[in-house]
Amino acid sequence: MKTDEIFIGRDSIVDSFVRSYEFPFQALSNIKDEILRLGPTLGDDYEQYKPDVWIHKSVKLSEFVTIEGPAIIDSEAEIRPGAYIRGNVIIGKRCVFGNSCEIKNSILYDDVQVPHFNYVGDSILGNHSHMGAGAIISNLKNDKKNVVIRHLEDKIDTGLRKVGAFIGDNVDIGCNSVLNPGTIVAPRTKVYPLTMVRGYIRSDVIVKNMNDIVDRR
């Protein structure tokens with residue numbers, strides 16, 4: 001469940017920030033401050049698109065997007081039509097975001113694909129992770145209480161009402177799946193389409209449903 005066990009790659013501009021926390025949910029409350037600290041230090045390869053929004057000059061940015069600051073979009077990312085970037089967002093190198101996707105208070109490491117009809121809130125997605133079309137990350141419980149992260153007998157009260165998911169490197173989330181608040185999916189795991197996921201999912205497995213999880217061969 002610890003940060004170093006979920007996010008492996010170390011090249012992203014967000015890595016040192018995320019790894020400064022033992023558990024990834026601890027980073028969520030400070031994404032805004034990190035963007036405001038990091039943004040002004042970025043070099044001439046970045047443009048200040050609007051107040052508190054920094055975008056690398058190599059980014060492919062559709063004219064039909066909405067970006068609210070603070071936000072950073074790193075090199076060679078592609079932001080497709082209908083994307084809504086709702087603030088407190090870092091999008092890493094070569095990521096694909098949109099079309100018709102929404103993201104808020106979240107971090108995408110490098111080479112992440114969130115390409116079609118997805119919602120990502122209060123979450124961190126690791127390198128080379130992929131959200132299938134229509135896959136949704138839920139970040140608020142029905143009873144509006146604090147999100148508790150569970151793994152076997154362990155329970156951690158995050159102290160936060162809004163916590164989405166923490167998706168490890170090279171994870172593939174199938175189309176129209178729903179990740180419940182506080183979900184952790186460890187690296188190299190695959191989730192079948194139309195699957196409801198909750199709690200901690202270990203690495204290197206295939207999740208057919210929550211009662212049918214098998215090792216990858």
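**Residues in the loops**

Analyst: K144 is partly exposed, with a relative accessible area of 43%; the term covers values between buried (under 20%) and exposed (over 50%), taken with a 1.4 Å probe on protein chains only. The model is predicted, and local features need pLDDT of at least 70, side-chain atom pairs pLDDT 80 or more, while totals for chains, interfaces and linings use all residues. Residues are numbered from 1 along each chain as its sequence is written, and side-chain values use heavy atoms, without hydrogens or water.

K144 sits in the loop between β16 (136–137) and β17. Helices (H or I, at least four residues) and strands (E, at least two) are DSSP runs numbered from the N terminus. The backbone of K144 has a positive phi of about 65 degrees, although K144 is not a glycine.

N105 is also a non-glycine residue with a positive phi, here about 45 degrees. N105 belongs to the loop between β10 and β11 (106–108). With a relative accessibility of 11%, N105 counts as buried.

The side chain of N105 leads on to D122, with which it makes a polar contact of 2.9 Å. (A polar contact is a pair of N or O atoms within 3.5 Å; within protein, one must be able to donate a hydrogen and the other to accept it, and residues adjacent in sequence count only if both atoms are side-chain atoms.) D122 is in the loop between β13 (119–121) and β14 (124–125), and it is buried because its relative accessibility is 5%. The side chain of D122 has a polar contact with the side chain of K104 as well, again given as 2.9 Å. Apart from neighbours within four places in sequence, D122 is in contact (heavy atoms within 4.5 Å) with L28, K104, N105, S106, N139, K162, V163, G164 and A165.

S29 and D122 are 93 residues apart along the chain, yet their C-alpha atoms are separated by 9.0 Å. The loop that holds S29 runs between α2 (15–19) and α3 (31–38). At a relative accessible area of 51%, S29 is exposed, whereas D122 is buried.

N127 occupies the loop between β14 and β15 (130–131). Its relative accessibility is 8%, so N127 counts as buried. Residues up to four places away in sequence aside, N127 touches G9, Y109, D110, D169 and N170.

S62 is placed in the loop between β3 (60–61) and β4 (66–67). S62 is buried, its relative accessible area being 18%. Its side chain reaches the backbone nitrogen of F64 at 3.1 Å. Beyond four places in sequence, S62 touches I79, R80 and P81.

P70, in the loop between β4 and β5 (71–73), is joined to G69 by a cis bond with omega about 0 degrees. N99 lies in the loop between β9 (96–97) and β10 (102–104), and the cis bond from G98 to N99 has omega near 15 degrees.
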